[in-house]
Amino acid sequence: MGLAAALLLPGAAMAEGERPQGERPKIVATTGMVADLVRAVAGDRAVVEALMGEGVDPHLFKPTRSDTVKLLRADAVFISGLHLEGKMTAAFDRLRESGKPVVALGDAVPKERLLSPPEFEGAHDPHIWMDVGIWASTLPSIRDGLARLDPAGAEAYARNADAYGAELARLDAYARRVLSSIPGKARVLVTAHDAFNYLGRAYGIEVRGIQGISTESEAGLRIIEELAALLADRGVPAVFPETSVSDRNVRALVEGAGARGHRVTLGGALFSDAMGAPGSYEGTYIGMIDHNVTTIARALGGEAPADGFQGKLALAQR
């Protein structure tokens with residue numbers, strides 16, 4: 001039984017006030033990025049679980065029966081929103097209708113800060129976590145959502161949100177510094193799909209994806225040929241596969257540039273729609289962004305320490 005169907009059953013969703021007294025709120029977040037942000041604000045006052053793990057593509061994710069049970073039993077659900085979790089959108093609407101608190105972080109971002117690609121008529125680019133400043137701006141919505149569930153923890157949630165916001169401000173400054181060191185002609189980020197447009201706008205890098213914003217789009221031969229010509233003309237030294245998307249098209253692009261007499265390397269796999277392994281530094285939001293900006297800067301000729309923003313990157317061990 002799918003989630004939407006399960007929600008049609010009488011009493012499927014537990015009302016907000018039915019949590020046993022003294023029990024910590026149970027929170028389910030869709031992606032690792034959302035879960036990490038919620039954990040930073042919740043501290044030890046709530047139990048936070050992510051539905052999607054390492055290497056999972058949220059555009060294509062379909063919940064299993066056990067995932068459905070987790071969502072139904074959660075006291076609240078936090079999602080990225082903006083149709084990132086495309087196949088689950090109707091299910092989240094059902095959850096809201098049933099009375100379950102569903103907090104969409106994308107709803108907290110002012111419309112003028114959202115990107116609206118022409119090919120997505122009436123929709124916004126959902127990859128907002130790639131701009132650290134925008135992602136930090138969603139902290140108040142998490143703080144307030146948790147405080148509604150657990151009013152006694154309101155002050156703790158506010159302190160945690162402020163502290164984590166300050167840490168994200170330092171990460172943002174690091175990203176600006178290392179990415180600004182990339183030489184002018186090489187300031188082109190070519191990846192498997194268009195997950196990095198917010199990063200490009202925030203940090204002044206031209207971004208080109210072989211696929212569109214959703215991994216459901218198809219990369220055509222014409223696109224690969226156009227990008228191969230761009231790489232050769234600009235002398236861009238590297239392109240980047242992604243951990244949650246097949247690297248087949250990226251490798252075809254490397255071959256296409258080589259056929260034009262320009263050697264392009266694989267600059268290291270970037271985290272786009274999912275973070276690294278649970279328990280690793282790259283399995284945190286800060287580690288994910290640190291890995292990405294450090295990898296991009298170093299591969300495109302910029303200056304960045306191999307061990308990254310906090311001296312924790314696995315890159316330094318390779």
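Reply: Buried here means under 20% relative accessible area, exposed over 50%, and partly exposed in between (1.4 Å probe, protein chains only). The model is predicted, so local features need pLDDT of at least 70, side-chain atom pairs count only at pLDDT 80 or more, and totals for chains, interfaces and linings use all residues. Residues are numbered from 1 along each chain as its sequence is written, and side-chain values use heavy atoms, with hydrogens and water left out.

A salt bridge is a side-chain nitrogen of Lys or Arg within 4 Å of a carboxyl oxygen of Asp or Glu; the structure holds 9 of them. In one of these, arginine 45 pairs with aspartate 150, with 2.8 Å between the closest N and O atoms. Because arginine 45 lies in the loop between helix H2 (32-42) and strand S2 (47-50), and aspartate 150 in the loop between helix H6 (139-149) and helix H7 (154-180), the pair ties together parts 105 residues apart in sequence. Helices (H or I, at least four residues) and strands (E, at least two) are DSSP runs, numbered from the N terminus. Arginine 45 is partly exposed at 30% relative accessible area, whereas aspartate 150 is buried at 11%.

Glutamate 49 forms a salt bridge with lysine 70, the closest N and O atoms being 3.0 Å apart. Glutamate 49 is partly exposed at 34%, and lysine 70 is partly exposed at 29%.
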